[in-house]
Amino acid sequence: MEFRHLGRSGLMVSEISYGNWITHGSQVEEDAAKECVRAALDEGITTFDTADVYAGTKAEEVLGRALKGVRRESLEIFTKVYWPTGAGPNDRGLSRKHITESIHGSLRRLQTDYVDLYQAHRFDVETPLEETLKTFDDLVRQGKVLYVGVSEWTADQIAQALKIADEMGFDRLVSNQPQYSMLWRVIESEVVPLSEKEGLSQVVWSPIAQGVLTGKYLPGQPPPAGSRATDPSGGNFISRMLNDDVLTRVQELKPIAGDLGLSMAQLAVAWVLQNPNVASAIIGATKPEQVRDNVKASGVKLDAEVLKKIDDVLGPVVERDPAKTVSPEKRP
């Protein structure tokens, strides 16, 4: 496993991190989830990503139990706040009240005194950004959070937050967590250039495009039983990629991966890691062998010819529109 700095900070993270968005507490039984976490640790993954909202807070609990007994200083634990975690009007968003209550709940569920990275899971249009950033800064000063970041924010929103932080002396954002893959490149034109300039890294989710880039979804055929596409929690994210044009082109990547001695998943994860602004690629897994396969992408170098071949195959079906990065127009 290789490691990279998170933004311009001194924190090192594993190039491949383990995330439990759909798996822990929902799609996978706890024993299987723990086996996946053990496999991740055995393979050198030190960075673990979750969120308060995943599986209705159960995912944090499962991760906390799975990591119990592991030396805390050897881990980087990331979580997030924004989406609803209760029925009340204040059980959501990025207000001082919800952030404060949410971090305490996350720390309790994760069985830790602090998280290494706390992320605003979306942009909250109903809370002054100064309030959110001041609350994040307070948590840093209290030692409950070491670094702060965001997820799925636009370049303008990130720039606005950095300006306020600089003016007010708040702790600066070090990262953004966007969707990024060979098929979904909406961050490349605006978010990445701003992040490179301002010292933020990307911690990317869905580098395998919810499994589409493994090649297991075949054109003209229904999704395999038990796959991500059949899970109600993740099916809506993957559905836009399950069309025959995309799936046919993905099948054309197989010889490229084969020539390199890589699995399709390894090729997909290695591809996102070619972007120097990416600090870590988050993988999810329902089986330990998926973890063991994916981690082999760490340290893989793809030359310009390979990258061009991939672009030539996927070109017409790649999504590049930066306007696709959106947060809710009002709190959910």
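Author: A residue counts as buried when its relative accessible area is under 20%, as exposed when that area is over 50%, and as partly exposed in between, using a 1.4 Å probe and protein chains only. This is a predicted model, in which local features need pLDDT of at least 70 and side-chain atom pairs count only at pLDDT 80 or more, while totals for chains, interfaces and linings use all residues. Residues are numbered from 1 along each chain as its sequence is written, and side-chain values use heavy atoms, with hydrogens and water left out.

Reader: Taking Asn 294 as a case, is it buried or exposed?

Author: Asn 294 is buried, because its relative accessible area is 4%. Its place is in helix H11, residues 288-294, where helices (H or I, at least four residues) and strands (E, at least two) are DSSP runs numbered from the N terminus. Setting aside neighbours within four places in sequence, Asn 294 is in contact (heavy atoms within 4.5 Å) with Ile 16, Ile 208, Ala 265, Val 269, Ile 283 and Gly 284.

Reader: Which residues does Val 212 touch?

Author: Val 212 lies in the loop between E9 and H7, and it counts as buried because its relative accessibility is 0%. Beyond four places in sequence, Val 212 touches Leu 183, Tyr 217, Ile 238, Met 241, Leu 242, Val 246, Leu 247 and Val 250. The C-alpha atoms of Val 212 and Ala 265 are 9.2 Å apart, although 53 residues separate the two along the chain.

Reader: How many aromatic pairs are there?

Author: A pair of aromatic rings is described by the distance of the centres and the angle of the planes. Rings of Phe, Tyr and Trp (its six-membered ring) pair if their centres lie within 6.5 Å, with planes under 30 degrees apart counted as stacked, over 60 as edge-to-face and the rest as tilted. By this rule there are 6 aromatic pairs. One of them joins Trp 21 and Trp 205 edge-to-face, with 5.6 Å centre to centre and 75° between the planes. This pair links distant parts of the chain, 184 residues apart: Trp 21 is in the loop between strand E3 (16-19) and helix H1 (30-42), and Trp 205 is in the loop between strand E9 (201-204) and helix H7 (235-238). Trp 21 counts as partly exposed at 24% relative accessibility, whereas Trp 205, at 13%, counts as buried. Tyr 82 and Trp 83 also form an edge-to-face pair, at 5.0 Å and 80°; here Tyr 82 is buried at 0%, and Trp 83 is partly exposed at 23%.

Reader: At what angle do helix H4 and helix H5 pack?

Author: Two packed helices are described by the angle between their axes and the distance between the axes. Axes are lines fitted to C-alpha atoms, for helices over the stretch in contact, and angles run from 0 to 180 degrees between N-to-C directions. Helix H4 (residues 129-142) and helix H5 (residues 155-168) pack at about 65°, their axes 10 Å apart. In the contact, Leu 129, Glu 130 and Leu 133 of H4 meet Gln 157, Gln 160, Ala 161, Ile 164 and Ala 165 of H5.
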